[in-house]
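Visitor: I would like to learn how to read a structure like this one. Where do we start?

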Amino acid sequence: MDPALGPPEEMAEKRDELTPMMAQYHDLCERYDDALVLFQVGDFYETFCGAAERTARLLEVTLTSREDSTGEYPMTGIPIDNAESYIEELLEAGYRVAVADQVEEPGESSGVVERAVTRVITPGTLTEDELLAGDDNNFVAAVARDGEELALALLDVSTGDFLATSSTSSEAIADEVSRFDPAEAVVGPDAPMDVFPDDCMETPFDEAVFERERAAETVSAYFRNPDALLASDAEVRACGALLEYAEYARGSESEAEAEADDENENDRLEYITHLTRYDPREYLLLDAVALRSLELFEPRAVHGRDDATLVGVLDETSSALGGRKLRDWIRRPLLEPDRIEARLDAVEELQSAVREREALQELLKDVYDLERLIGRISRERANARDLRSLRDTLAVVPDVREQLEDADCDRLQRLHADLDPLADVRELIEDSIVEDPPIEITEGGIIAEGYDENLDDLRQTARDGKQWIDDLEERERERTGIDSLKVGYNSVHGYYIEVTNPNLDSVPGDYQRRQTLKNSERFVTPELKEREDEIVGAEERADELEYELFREVRKTIADEVERVQDLADALATVDALVSLATVAAQYDYCRPALLERSDGVEIDIEGGRHPVVERTQESFVPNDAQFADGRRLAVITGPNMSGKSTYMRQVAQIVLLAQVGSFVPAKSARLTPVDRIFTRVGASDDIAGGRSTFMVEMDELATILREADGRSLVLLDEVGRGTSTADGLAIAQAMAEHIHDEIGATTLFATHHHPLTEVADELEDAFTLHFEVDQEDGEVVFHHEVAPGAATGSYGVEVATAAGVPEPVVERSRELVAEAGDEQSTDKSEPPAATTTDAAPTTADGGERTVDEQSAPSETVDLPSDVAAELRTLEVAHMTPVEALSELDRLKRLLEEERES
Ligand code: ADP
């Protein structure tokens, strides 16, 4: 715990002597001892002592102090008016923030003003629009263990989205965590912490909330039949704990309520109405590595653009609701052909119905974030403007429905039926709330005329009184004969009649003097006073009544939470489908044909393009891809920058897009849905994690070998780079063979190890592809065109020229390449290949290549036969780098011994 949190020591020492206000601060710090308490004093949130010193430094605000009879305390205040930006900084610095508001008007009670923590703001439980990204969910997670079972629960407190899943493997849980990328996690006893990445805040929380009985009780308060809904006790624990955490973070309206909560009173978050239990195996599995390398949500530095992501190219949604829906679809691509086809049908129909699609896109721009709106309404945090926003959205619904009136496909017809315009709710708001209400809900001006008779009467009384006063000036001028007589108002004295000094003689007897100014006197009359009291009284009562009526209206709407959420879901779905259709139409995508899931995977893409790269550059060369029985593993060669990794990724992204239910960037595409996409692409340094690039690579490869199967799509880019050439080739070859023989996954394997292309010739289901480049006038020309067969050269030197490596260095490189070419009889660009006895690479003429032949330095020609023999039997493919090193060392010593003898 941060030393600045909890009650300040200097206060704790003399708790009983503190002034009532400081005692209150002390006690709140004690109750919320893992959070930074922001303590409302008038227009500021104050922090004291150690916390004040920390906040002053962090937020760069002035540190002052507060002195009272018990001592002097450091103090820092932030203005409530723009507290959000400060709170955001505190959250970023890793704090939880407990907001202690004054929950009664100063002067309402005799003692110190009552304060209560009305919100505990943490990264995972944000509900403030200002602190949230509109088009993305913000999840808090809980992980619980029950025996062998691990469960993950995820909740978006701002929208009420609630999910649960479980598995016996912590890797599978970690994969689900990376899908949803929670901002914060509550971890149960014995549950693994390492399923969460470093940037996820881990929150210590009362372990008792994870107990099976208690968790079951919590969950039952929300959902009728939790045992039918959830698949395991671990899930019950995770869900129960998470709900209790969300209730805690919600805060309370008063201190009394907070105490009641401690005794486990029901404090349900009414807008959490749906719990989606899912099995990870229902969706295309993408682990953290695949999510990153396929650029789903995070851009890769190479494109140099923040929007260069898959979601960036697909997102043409009009509303925050649609944006979140689309992200959820991309996060969880489908497996079941029926569900995919249903989305594709809708996309196809919307793609060709141009007029309707464009109309929908326009209409949906007026859709507010209904999910967060109804969340606020339910949490009693919504103001009158929020209700009007709800009304404005409901007003759009009939028009959205109309655009879907003639829909053909099931999916759109169902959406048409689901778009309930909630006429009752809309009418209620129209009748009760004025068109342009103020933000404040306690100061009147909210409730519409004609909604409540009592309110109308009070307002009439106030209006009549004001009218009487308006007419007073004229009446009194006539009565007194003073033409300059004025009626005015000020906030201290209220209404008055002002007479200038020269006319004071004409003042009637019933005028009572109130105030003397330099040139005039101000008076009141008993009648004026009486009228004034009447107006003020009526206005005060009207404000109170308005507040009461507003809360009633808000409650009535809150009771319709499920209907509003269902509508939100339908609107979100329409928006996401329209977005996919728009992209399909604008960027010339085609509808993928899904193939029956027989045993293996089949992929047949004609003229495929990389959805992200094609947007970041002027022209893009389309390429085909064919995988089926007999063509399962492609070994892809070609110089750097020729397009290998772009090609591999585009195949995977096209498959993924199809499973999202999107059209794909290709001329045509036929494919079987895959269960999982594995990637081992590029050097993803995990320096922060303290592991070498090579270790990361081996780790990723190990995962693939362990978990891939015949329904997986595997991308391997430059396997074995982080080690010596011989080692690298050995590992690459062994990987290829194993995937081919044992796993049967559909695999794209890019490599600079040319001997691998020869390995491919030996493997029944493997084939080779290459990217050719040409040299024109000493310059390299990239065609980015994939062709069958192996590449001939690496053109490394030419690429170096193109990249701007200085000419002398390039010249010298050319010389060295030429020399090497003279010395080596084999392919000039080839690195020396290691040889294994069981799967020896062959030379161009088909003969077996031996170590003797290919080793360049002349000395090795007379390698003693023993050592050569030893080398021949080495199974490099089955050695670890360390084993290889010690073997090398042994051979060297053997060689030296032989020399000596
Ligand atoms: P490699 O993996 O072979 O080193 P990349 O796939 O990273 O090469 O491609 C290098 C660059 O070439 C890409 O960043 C992109 O700008 C361009 N490129 C790749 N494929 C194509 C293509 N099909 N059409 C147009 N440009 C391409």
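Guide: Start with a definition: a residue is near a molecule or strand if one of its heavy atoms lies within 4 Å of it. Here 14 residues are around the ligand, and Gln617, Val621, Met641, Ser645 and Thr646 come nearest. This is a predicted model, in which local features need pLDDT of at least 70, side-chain atom pairs count only at pLDDT 80 or more, and totals for chains, interfaces and linings use all residues. Residues are numbered from 1 along each chain as its sequence is written, and side-chain values use heavy atoms, with hydrogens and water left out.

Visitor: How do the residues of the shell around the ligand divide into nonpolar, polar and charged?

Guide: Ala, Val, Leu, Ile, Met, Phe, Trp, Tyr, Cys and Pro count as nonpolar, Asp, Glu, Lys and Arg as charged, and the others, Gly among them, as polar. In this shell, 4 residues are nonpolar, 9 polar and 1 charged. Helices (H or I, at least four residues) and strands (E, at least two) are DSSP runs, numbered from the N terminus. Helix H23 (residues 644–660) gives the largest share of the shell, 3 residues.

Visitor: Which N or O atom in a side chain is 2.5 Å from an oxygen atom of the ligand?

Guide: A polar contact is a pair of N or O atoms within 3.5 Å; within protein, one must be able to donate a hydrogen and the other to accept it, and residues adjacent in sequence count only if both atoms are side-chain atoms. The side-chain atom at 2.5 Å belongs to Thr646. A polar backbone atom of Gly643 is 3.1 Å from a ligand oxygen, and a backbone N or O atom of Val621 lies 2.8 Å from a ligand nitrogen.

Visitor: Which residues in helix H14 are buried?

Guide: Buried means under 20% relative accessible area, exposed over 50%, partly exposed in between (1.4 Å probe, protein chains only). In H14 (residues 354–364), the buried ones are Arg357, Leu360, Gln361, Leu363 and Leu364. Down the axis of H14, the buried residues fall within an arc of 165° (taken from the directions from the helix axis to the C-beta atoms), so they line one face of the helix. They pack against helices H13 (337–352), H16 (384–403) and H21 (561–586), where contact means heavy atoms within 4.5 Å.

Visitor: Is Glu521 buried or exposed?

Guide: Glu521, found in strand S17 (residues 520–524), counts as buried at 9% relative accessibility. Its side chain makes a polar contact of 2.9 Å with that of Thr516.
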